Amino acid sequence: MPLASASLLLIARVLLAAMFLASGYSALSNIQATADYFGGLGLGPSVPLAWAVGLFELAAGILLVVGFQTRAVAAVLALFSLAATFLGHYGQGGDDPTAAFMHSQALLKDIAVAGGLIALAVHGAGRLAVDGGRE
Amino acid sequence: MNSLIVLIGRILLAVIFILAGFGKLTDISGTAGYFASYGLPGGAATAAIAGLIELLGGLAILIGFQTRIAAWVLAAFSVATALIAHMGWSDMMQLIHFQKNLAIAGGFLVLATYGPGALSVDARRGWTLANA
C-alpha cells in the first residue's frame, strides 16, 4: 500500500473516531446527565448503561485512531451506531419541526457513518496502524 | 462476501445524499432561502448545484460509478457543509452534526482508498484495487 493511501486511511480513522471520542468523553464526564438522558429514552439501568456506553465509545474511538483490531472494532462500532441512532433519533423531536428535522438528519448521518465503518471493517486500517496492514 | 458488505456500506453512505439532493432539487426556492440564511451567495443556482452534487454523488456511490471521484467530492462536500452550517457549537446539536459530517467524510476517504468492490459499475468496467 502506498504511503499516500495509508496516510489517507489514518486521516479517515481520526475523522471517524472523533465523534465517538467526544461522545464517550462527554458521557463519562457527566454520568448523571448521561444516565438521565438514557432514562428519558426508556433505557436502563441508566447509570450502568451510561458508564458502559461512555467507556465503549471512548475505547472504540481510541482503538480506531491507533488502528488496533481495526476491522473488529469498526464492525462493532457500525452496529452500535445503527442501534444507538434508532434508539436516540428515530421519531424524536415531537411536534417541534426544527428538532424533528435535526433528529431525522442525525439518524441519516449515523446510518452513513455506519456505512463508512463497514467499508473500514472489510478492508482494515492500512499500514499506519498497530495492526500494520495485517489481514 | 466482502463485495456484498462493501455494497451495503455504499448504500448506507449514499442514502442521506440521495434524499437530501432530491429534497433540495424539488424545493429550489426553499433551499435558496435556507442557504441565504447562512450568507451563501448565488441563490437558486447554488441551491441547484448543491442538490446536484448530493443527488448525483449519492447515486454514483450507490451504483459504484467513478466511485473514488464521487467519494472525494462528497467527503469535501461534507466537510464544507460542516464548516458552513454547523459551527454554532454553543448548541450541542450543532457540534454533534459537525462531528457526524467529519465522520461521514472519513467514511468516504475509506471508500476513496479501497474503491467500491466487485459489485459496482467500476468493477464491471475493469477497475480493480491493483490498478488504482
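Angles under 35 degrees count as roughly parallel, over 145 as roughly antiparallel, 65 to 115 as roughly perpendicular, and the rest as oblique. Axes are lines fitted to C-alpha atoms, for helices over the stretch in contact, and angles run from 0 to 180 degrees between N-to-C directions.

The model is predicted: local features need pLDDT of at least 70, side-chain atom pairs count only at pLDDT 80 or more, and totals for chains, interfaces and linings use all residues. Residues are numbered from 1 along each chain as its sequence is written, while chains are lettered from A and ligands numbered from 1 in the order in which they are written.

**Chain A overall**

Chain A has five helices and zero strands. Its elements run α-α-α-α-α from the N terminus on. Helices (H or I, at least four residues) and strands (E, at least two) are DSSP runs, numbered from the N terminus. The C-alpha trace of chain A spans about 50 × 30 × 20 Å along its principal axes. Of the 135 residues in chain A, 40% are buried. A residue is buried if 20 or more other C-beta atoms lie within 10 Å of its own, exposed if 12 or fewer, and partly exposed in between; C-beta atoms are placed from the backbone. Among contacts in chain A with a separation of 6 or more, 65% join residues 24 or more positions apart. Two residues are in contact if their C-beta atoms, placed from the backbone, lie within 7 Å.

The 21 residues of α3(A) should span 30 Å at 1.5 Å a residue, and the end C-alpha atoms are 30 Å apart, which agrees. The expected span is 1.5 Å times one less than the number of residues. The buried residues of α3(A) include Ala50(A), Val53(A), Gly54(A), Glu57(A) and Leu58(A). The buried residues of α3(A) pack against α1, α2 (31-40) and α4 of chain A.

Ala17(A) is buried, with 25 other C-beta atoms within 10 Å. Its C-alpha atom is 4.6 Å from that of Gly61(A), 44 residues apart along the chain. Leaving aside neighbours within four places in sequence, Ala17(A) is in contact with Gly61(A), Leu64(A) and Val65(A).

Gly44(A) and Pro45(A) are joined by it, with omega about 0°. Pro45(A) lies in the loop between α2 and α3 of chain A.

| Pair | Angle | Axis separation |
|---|---|---|
| α3(A) (46-66) and α4(A) (70-89) | about 140° | 9 Å |
| α4(B) (67-85) and α5(B) (92-114) | about 165° | 8 Å |

The angle makes α4(B) roughly antiparallel to α5(B). The crossing of α4(B) and α5(B) is left-handed. A crossing is left-handed if the near helix is turned anticlockwise from the far one by less than a right angle, and right-handed if clockwise. The contact includes Trp72(B) of α4(B) and Phe98(B) and Phe108(B) of α5(B). By class, the contact of α4(B) with α5(B) has 14 nonpolar, four polar and one charged residues. Ala, Val, Leu, Ile, Met, Phe, Trp, Tyr, Cys and Pro count as nonpolar, Asp, Glu, Lys and Arg as charged, and the others, Gly among them, as polar.

α3(A) and α4(A) are therefore oblique to each other. Their crossing is left-handed. Ala60(A), Leu63(A) and Leu64(A) of α3(A) meet Thr70(A), Val73(A), Ala74(A), Val76(A) and Leu77(A) of α4(A). The residues of this contact divide into seven nonpolar, one polar and no charged.

**Positive phi values**

Gln69(A) has a positive phi of about 50° although it is not a glycine. Gln69(A) lies in the loop between α3 and α4 of chain A. With 17 other C-beta atoms within 10 Å, Gln69(A) is partly exposed.

In chain B, Gln66(B) has a positive phi near 50° and is a residue other than glycine. Gln66(B) lies in the loop between α3 (43-63) and α4 of chain B. Gln66(B) counts as partly exposed, with 18 C-beta neighbours inside 10 Å.

**Where the chains meet**

The contact takes 29 residues from chain A and 29 residues from chain B. α1 (3-29) and α5 (97-123) of chain A each supply at least two residues of the side that touches chain B. The largest share of that side, 18 residues, comes from α5(A). The side of chain A that touches chain B divides into 21 nonpolar, five polar and three charged residues.
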